[in-house]
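Work through the exercises below with the sequence and the model open. Each task is followed by a solution in steps.

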Amino acid sequence: MHRSPGVLVSLLLGFLSVLTIAKKDKPSVESTTFKSIPAVLTYFDDTDIILVVDTHDKTTYRSDDAGIKWAPLSGVAKGETLELLRNQNDPHVAVVIGTDKTHWITRDQGKSWDEFETEFPATMRGPAIAFHASDPDRMLFEAAECTGLICHEKHYYTTDGFKTKPKPLRDDAMSCLWAKSDPLFTSGDEKIDSDRVLCNVAGKYSAWEVNTRLLISDDFFAEDEFEPAMEKGRPVPGVVNIAPVKSYLVAAAKSEGSRELAMYVSDDSKTWHPAEFGTEHKLEQDAYTLLESTNYSMQVDVMTTSNFMPPMGVLYTSNSNGTFFTKNIEHTNRNKRGFVDFEKISNIQGIVMVNTVKNWESVELNPLATKELITQISFDDGRTWQPMQSDGKHLHLHSVTNQRNIGRVYSSPAPGIVMGVGNTGKSLKPREECDTWVSDDAGIIWTRALRGPHLYEFGDQGALLVAIEDGEAEVISWSLDHGKKWQEMKLPDKVRPISLTTTPDSTSLKFILTADKGKGAKTEHQLLAFDFADLHERKCEKKDFEDWYARVDEKGEPTCIMGHTQMYRRRKADAECFVDKEFEDPEPLAEDCKCTDDDYECDYNFVKSGRYKCEPSGPLKAPEGVCKDSDDTFEGSSGFRLIPGNTCRKRGGLTKDEPVKRKCGETKAPPASGKIGTEITTFKGDKIIEYYYLERCASCKGEDETVVMRTDRREIFLTRDHGKTWAPILKDEEIVAIYPHMYSNDR
């Protein structure tokens, strides 16, 4: 049989082509050694471009191929990096803060860098740059003018990305931020959104924090500035902190003689309201945490234990304008740094996981008691909670207070895929005694993925899970079927993993492992880049996808939150293929539901008086000129309004926000009786030895009037209503003296 040379060449090329695209049984891996543990590993959104800082030689490095090759930044001085900051609202901008007065900015994802100078070095107390949410050229710069160990913060601004010298803001500002610090925030005025700056400044006549003020300016404090009205139409002193939380701005104020704080919230920077948490718990300085919030509410965890006890808290959720907070769950687990075991499942509305303290009563009685933690999950934004399940047993997972990896603890943008480290049983065990678990239905059912604790990450929209043992590791593992079966590859060397990460949108097949190799003086710090595209799975087709609903009831039917269901098209668990849509985020499909009670909240000037009831918080306000007699009526609020952002259909559903007829008598406060009230209380003993008023401070919530009193029988009594009613306290003790705290009204 005779074949021409051309035919033989064609056959040979075809054979080589088949070999080239044949599946491999492992990913490719490349390692790079650094002088110290690489820090601040930062991706530019929707790219393979990464920046990282070697803190030993203070040099920033860049990779444009997902970590395979690294090089020092071109145009940035080596050995001069103090801080690396990326603009989270612009995928092209990052700033390298220098160790002295020279800094650098990139507008093209690190290809080139422009140098700029500041009058003083950057502050060391926090991020030196505050980015504007919609204009990448607008930035605030915080510097520090230091004499010895004493530093004075100075604030500057730029509107051209530091192309010209930054200009100073107020000299007495202690902290500043843009009103539009988050893309979700808007004042409703484009000019205000562009220019408005809020600063926490020293008092006019005193530098004490109880006299600090919140000032707002729309011209960088050149001529225009004002103190916003925050309480009963007046500004408040003692504003110690301001912060952006998604579509809200939050200010905290304190008064002299108390650690209690008052919180004020605005959703437009113009109108401010005091936040109401009820009387059961109070906010104290350094004792509350603003948590990851939704587009339509804020979450706050308030510490309920004293400083010398193991920290615990209570979780609150606000209404849509941040003024009224409702308690969600008690005895949340916190640590001394203010971190709370709380996480919202990424990209899915309404699903939240928390750790609470099971033996909270023992912990409150004994500061040395060990907390027993249990994990609970909510599928309705924290209204109801339930234990997590695996084969009928309760599952508990380690969370934020014991986080080992960077980024989110449990979830990613991969639809419904959730992982964690924990155990089944009565309560959470130490991490080293735990296993690694996975759920592909957003936390309803969990299965054991791997024995022992692992670091893990999500790729290819959840089609690829990658994990490595948390300890000394010799292999890296991966799963292509939502964690049911795992494959593994031996690493070039035994390493101690520090972090495992990938692109923020979890769409890539490329991963970065930060790890140490060796021990003692021979320790090497490495970045290992893995590329799972080399497995050469086929690209998924239409038949490989399924409709997956993010929230379902016990019958498997889709449930609604914020007026709609949420559905994703995602790859089936058993489909042997890669989605391979790098940097293309999975988008949910929403279907509106009929309106129910859960779609409404209390209107302005109304408060909750039950799960689905709202009552006036004070006299109602009638339209001008309507009420001439108390028996007249007017069209007023029903007490309810549809939660802003809620998409439910009123047709065929519940309508609770239509105006109702109200009597003009509801617009007036009840008249005073005109008489002086008296109450007489008789105590055993001959005389009262001493009594002290515990005055309420300006920032304190509540209306109680507290007096503590001691009699000659060494008995002590307390009243909360200025003496109308008294109750004995410390009954089994002989009290010889009362010493009110010199500087705190609460003690």
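**Exercise 1. In what order do the strands of the open three-stranded sheet lie, and how do they pair?**

Step 1. The order is β39-β40-β41, and the pairing is antiparallel. Strands here are DSSP runs of E with at least two residues, helices are runs of H or I with at least four residues, and both are numbered from the N terminus. Two strands pair if DSSP finds at least two bridges between them.

Step 2. Look at the edges: β39 (545-549) and β41 (589-592) each have a single partner strand, so one side of each has no neighbour in the sheet.

Step 3. On average, neighbouring strands of this sheet are turned by 25° against each other, direction ignored. The axes behind this angle are lines fitted to C-alpha atoms; in general, angles run from 0 to 180 degrees between N-to-C directions.

Step 4. β39 and β40 (residues 564-571) run antiparallel and are joined by five bridges. Within β40, Arg571 stands opposite Phe545.

The model is predicted: local features need pLDDT of at least 70, side-chain atom pairs count only at pLDDT 80 or more, and totals for chains, interfaces and linings use all residues. Residues are numbered from 1 along each chain as its sequence is written, and side-chain values use heavy atoms, with hydrogens and water left out.

**Exercise 2. Which residues of the largest nonpolar core touch the most other members?**

Step 1. A nonpolar core is a set of buried Ala, Val, Leu, Ile, Met, Phe, Trp, Tyr and Cys residues joined through side-chain atoms within 4.5 Å. Buried means under 20% relative accessible area, exposed over 50%, and partly exposed in between (1.4 Å probe, protein chains only).

Step 2. The core has 37 residues, and Ile348, Met353, Leu397, Trp446 and Tyr456 touch the most other members.

Step 3. Among the elements that give two or more residues to this core are β26 (352-357), β29 (393-397) and β30 (418-424). The largest share, three residues, comes from β30.

Step 4. Apart from this core lies another, of 21 residues, including Val466, Met489, Leu500 and Phe530.

Step 5. Contact means heavy atoms within 4.5 Å. Neighbours within four places in sequence aside, Ile348 is in contact with residues including Trp548, Ala550 and Tyr568.

**Exercise 3. Where is Arg86 placed, and is Arg86 buried or exposed?**

Step 1. Arg86 is in strand β6 (residues 81-86).

Step 2. Its relative accessibility is 8%, so Arg86 counts as buried.

Step 3. The side chain of Arg86 makes a polar contact of 3.3 Å with that of Asp45 and another of 3.1 Å with that of Gln88. A polar contact is a pair of N or O atoms within 3.5 Å; within protein, one must be able to donate a hydrogen and the other to accept it, and residues adjacent in sequence count only if both atoms are side-chain atoms.

Step 4. Beyond four places in sequence, the residues that Arg86 touches include Thr42, Tyr43, Pro91 and Phe131.
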